[in-house]
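Dear colleague,

I am handing over the structure we spoke about, and my notes on it follow below. Please read them with the model open beside you.

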Amino acid sequence: MNIKDTQNFLHSTKLVKHLIDICNVNSDDVVLEIGPGKGIITTELSICASKVIAVEFDKELYIKLSKKYANNDKVDVFYGDILKFTPSVSNYCVFSNIPFNITSKILNKFLSDKKNDKMYLIMQYEPFIKYAGAPYYNETLRSMLYKPFFDMELKYKFNPSDFKPAPQARIVLASFERKIFPDVKMEEEKLYKDFLAYVYTNKGETFFAKIKTLFSDNQIKRVWGQVEIDKTTKISEVSYEVFLKVFKLFFLYGTDKNKQLVTDSFSNMNKQNNKLQKNHRNMNRFSRSNHFSSRK
Ligand code: SAH
């Protein structure tokens, strides 16, 4: 991937000011900016935030930015891949027009960092709705994973002409704000993630089929009495509130044996996904090299 293909620059300072304004970035905030590009957002952030940490992976742009902000105490520019960078401050927020090719890697990394308490991303609409779930889309494994900890909201819809070059996909500004009181407490977090991964990957078409192995016959009757949903409900049709309620009952009343059943489901699922991605990459490489040799 050529780094130039990851660049859709904004060109209106007025629009950038408006975006920062609707996100309430203020003088308490240390802001991490992913991919500052030519600095159109960076300059505006430096006016309202206490500090801007800007990380750029394009060497030429990085050199220009370093010169541009050499005398600006509020802006620190770093050269490198954002996926390998962690700000060395105790708390920060993120504001960025991200490189769209690494959207989910950016989201997974920064939504999992406890030092990041709010994040404003200019990103593609399609991945946004998969992370945000309802009311934009049905809930997904991803939305269920992050919803206990973050409020996610669509803040602004762009026109393609707001960017140069104009992107193909629909672009929005999305906010991810950490909940002060998360729905899943620290002591419940590991079990929540394991429960989530277990239920989503468990066999069965319906939500009922997927959770029933985790409760005794008596328990499942009571659980079902409390959630008041149809037994034919598919997992994609289950609301966050119902899912959370079932988890809380599992946390409180699940037997040790059943809790052991879900142990490490989350890390196993991630390992499995990484393996699939690797195979996929190798397959692409294989077909490319075939293509290459056939042309010789
Ligand atoms: N903020 C600018 C540029 C946005 S385009 C604007 O809004 O106009 C995305 C930017 O991310 C580009 O500058 C691109 O060079 C940079 N970029 C691409 N991949 C990156 C990576 N892995 N780490 C950091 N920056 C990256």
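The expected span of a helix is 1.5 Å times one less than its number of residues. For helix 7, with its 13 residues, this gives 18 Å, and the end C-alpha atoms are 18 Å apart, which agrees. Please keep in mind that this is a predicted model.

Helix 7 is largely enclosed by the rest of the structure, because 10 of its 13 residues are buried; among them are Leu191, Tyr192, Phe195, Leu196 and Tyr200.

Turning to the aromatic residues, the structure holds 21 aromatic pairs. One of them joins Tyr156 and Phe158, whose ring centres are 5.0 Å apart and whose planes stand at 70°, so the pair is edge-to-face. Tyr156 counts as partly exposed, with 24% relative accessibility, whereas Phe158, at 9%, counts as buried. Phe195 and Phe243 form a tilted pair, with 5.5 Å from centre to centre and 55° between the planes. This pair links distant parts of the chain, since Phe195 belongs to helix 7 (residues 189–201) and Phe243 to helix 10 (residues 240–253), 48 residues apart. Phe195 counts as buried at 0% relative accessibility, and Phe243 is likewise buried, with a relative accessible area of 1%. Ring pairs also link both of these residues into a cluster that includes Tyr192, Tyr200, Phe207, Trp224 and Phe251.

Two lysines are placed over aromatic rings: Lys38 lies over the face of Phe9, at 4.6 Å from the ring centre, and the charged end of Lys59 sits over the ring of Tyr79, 4.8 Å from its centre.

The remaining notes concern strand 2 (residues 30–34), which is largely enclosed by the rest of the structure because five of its five residues are buried. Both of its faces are covered, with Val30, Leu32 and Ile34 buried on one side and Val31 and Glu33 buried on the other. Strand 2 pairs in the parallel sense with strand 3 (residues 51–56) over five bridges, and in strand 3 the bridge partner of Val31 is Val52.

With best wishes

Methods:
Residues numbered from 1 in each chain as written. Predicted model: local features only at pLDDT ≥ 70, side-chain atom pairs only at ≥ 80, totals over all residues. Heavy atoms only, no water. Phe/Tyr/Trp six-rings, centres within 6.5 Å; stacked < 30°, edge-to-face > 60°. Buried < 20%, exposed > 50% of the residue type's maximum accessible area, 1.4 Å probe, protein only. Helix = DSSP H or I, 4+ residues; strand = E, 2+ residues; numbered from the N terminus. Lys NZ or Arg CZ within 6 Å of the ring centre and 35° of its normal. Pairing = 2+ DSSP bridges.
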